[in-house]
Amino acid sequence: MSFCRALLAGFLILWCLSVSVSVSVSDDALLPPCEFPAIYNFGDSNSDTGGISAAFEPIQAPYGEGFFRKPAGRDSDGRLIIDFIAERLKLPYLSAYLNSLGANFRHGANFATGGSTIRKPNETIFEYGISPFFLDMQIKQFDQFKARTKDLYNQVNNESSGRDKLPKQEDFAKALYTFDIGQNDLSVGFRKMNFDQLRAAMPDIVNQLASAVQNIYQQGGRTFWIHNTGPIGCLPVNRFYNLNPAPGYVDQFGCVNDQNTMAVEFNRQLKERVIKLRAELSEAAITYVDVYAAKYGLISRTKNLGYADPLKVCCGYHEKYDHVWCGTKATINKTQVYGGSCKDPSKYVSWDGVHYTQAANLWVADLTHSGTLTDPPIPITHACHRQ
């Protein structure tokens, strides 16, 4: 309990100081805005814009209907944080690398897939939804993408031949490389390990993420925007089958204490590794993004902000121990029940029990993209500048 109170107090201090931090950053006239021509993203469902839908069964309605008016390969009612990054940088939304139809890669590509882990998984997507496209595989896809687009770009002579949908080779060095991955490694750990075993595995998980950054750096990438993992213990799904938790199991907001403790430890190790990467990669500008603080801060202030209980889910039917997942149907007491959407997703933090609503994603994006919750404290529009 004391840990969560301290975290909340720290967040409120950051909130009060956010204006002064933003002003101090924006007032530095020596740092012109970066002109990112492209974004290359690596991650899981928190930033997947259609990869897992292209590879396996497409995500169904009502996903996406709050903004795109149809399913758009995203595990939300609308836009994800990566979409708001694209908007902030005045770039198009990212096409998924695995989507072969209608994709445009001139301004980047998205290698993230729902269910991805940093470490190589030892189970299939049909068991627990873990993607075969783990981080090292995503990096190999990027390697192939970079090499093949160079060949294709040189083969065609004009824009009408499809050249306008291919990245320029010089843009890879100027691009922003974003990472939002690690949550599923913790989820697998909670399922298969005790906390001591999971804690012992964290250095390897973090080092594999660092190796991915090093790989891209060796290929010329210089600007990296790395999200830490969110408060996984606050996901409503953790309470679907534990309606009466024992004393001390959850905090004052209903979040599972031990799971959040593990997330905080993962983030501590990740931040330390990012600091070492800055020393190892002398020309890289690497920003550590505290998504955890943004998400936990939102969850802790929902009443004041006019949101529903953060443990309430917008899409799906979840009554006692009866669960119908978002967009699916099931028979309960001889009656068919559809897991539809709530009337106003903008009042909810959780979309489907695992993923956030567009409104919550926007909240996190606004806080982090301004530089309020980043190390160094610099807005994403200036992230190319090494601090």
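Is Arg119 buried, exposed or partly exposed? Arg119 counts as partly exposed, because its relative accessible area is 25%. In these terms, buried means under 20% relative accessible area, exposed means over 50%, and partly exposed lies in between (1.4 Å probe, protein chains only).

Good morning. The structure above is a predicted model, in which local features need pLDDT of at least 70 and side-chain atom pairs count only at pLDDT 80 or more, while totals for chains, interfaces and linings use all residues. Residues are numbered from 1 along each chain as its sequence is written, and side-chain values use heavy atoms, with hydrogens and water left out.

I begin with the salt bridges. Side chains of opposite charge can pair when their charged atoms come close. Here a salt bridge is a side-chain nitrogen of Lys or Arg within 4 Å of a carboxyl oxygen of Asp or Glu. By this rule, the count comes to 14 salt bridges.

Arg119 takes part in one of them: its partner is Asp204, and the closest N and O atoms are 2.9 Å apart. Asp204 lies in helix α8 and Arg119 in the loop between β2 and α4 (125-128), so this pair ties together parts that are 85 residues apart in sequence. The helices (H or I, at least four residues) and strands (E, at least two) that I name are DSSP runs, numbered from the N terminus. Asp204 is partly exposed, at 33% relative accessibility.

A salt bridge also joins the side chains of Arg191 and Glu123, at 2.2 Å from N to O. This pair links distant parts of the chain, with Arg191 in helix α7 (residues 183-192) and Glu123 in the loop between β2 and α4, 68 residues apart. Arg191 counts as partly exposed at 33% relative accessibility, whereas Glu123 counts as buried at 10%.

The side chains of Asp375 and Lys271 form another salt bridge, with 4.0 Å from N to O. Asp375 belongs to strand β10 (residues 374-375) and Lys271 to helix α9 (residues 257-280), so the pair ties together parts that are 104 residues apart in sequence. Asp375 has a relative accessible area of 24% and is partly exposed; Lys271, at 33%, is partly exposed. Salt bridges that share partners also join Glu123, Arg191 and Lys192 into one network.

How far apart are the end C-alpha atoms of helix α5? They are 30 Å apart, which agrees with the span of 30 Å that its 21 residues (135-155) should have at 1.5 Å a residue. The expected span of a helix is 1.5 Å times one less than its number of residues.

The buried residues of α5 are Leu135, Gln138, Ile139, Gln141, Phe142, Phe145, Lys146, Thr149 and Tyr153. They cover an arc of only 150 degrees around the axis, which puts them on the same side of α5. That arc is taken from the directions from the helix axis to the C-beta atoms. The face turned away from the buried side carries the exposed residues Arg148, Asn154 and Gln155.

The buried residues of α5 pack against β1 (39-43), β2 (108-110), α6 (171-174), β3 (176-180) and α8 (195-218). Contact here means heavy atoms within 4.5 Å. Phe145, which lies in α5, is buried at 5% relative accessibility. Not counting residues up to four places away in sequence, Phe145 touches Tyr40, Tyr97, Phe105, Ala109, Phe111, Pro167 and Phe172. Phe145 and Pro167 are 22 residues apart in sequence, and their C-alpha atoms are 9.9 Å apart in space.

Helix α10 (residues 291-300) gives a further case. Of its 10 residues, 10 are buried, so α10 is largely enclosed by the rest of the structure.

Finally, I come to the backbone. Most residues other than glycine have a negative phi, and most peptide bonds are trans. The peptide bond from Ala61 to Pro62 is cis, with omega near 10 degrees, and Pro62 lies in the loop between α2 (51-55) and α3 (81-88). The bond from Asp375 to Pro376 is cis, with omega near 0 degrees; Pro376 is placed in the segment after β10.

Lys90, in the loop between α3 and β2, has a positive phi, near 60 degrees. Lys90 is exposed, with a relative accessible area of 76%. Asn333 has a positive phi of about 55 degrees and is found in the loop between β8 (329-332) and β9 (335-338). Asn333 is exposed at 70% relative accessible area. Thank you for your attention.
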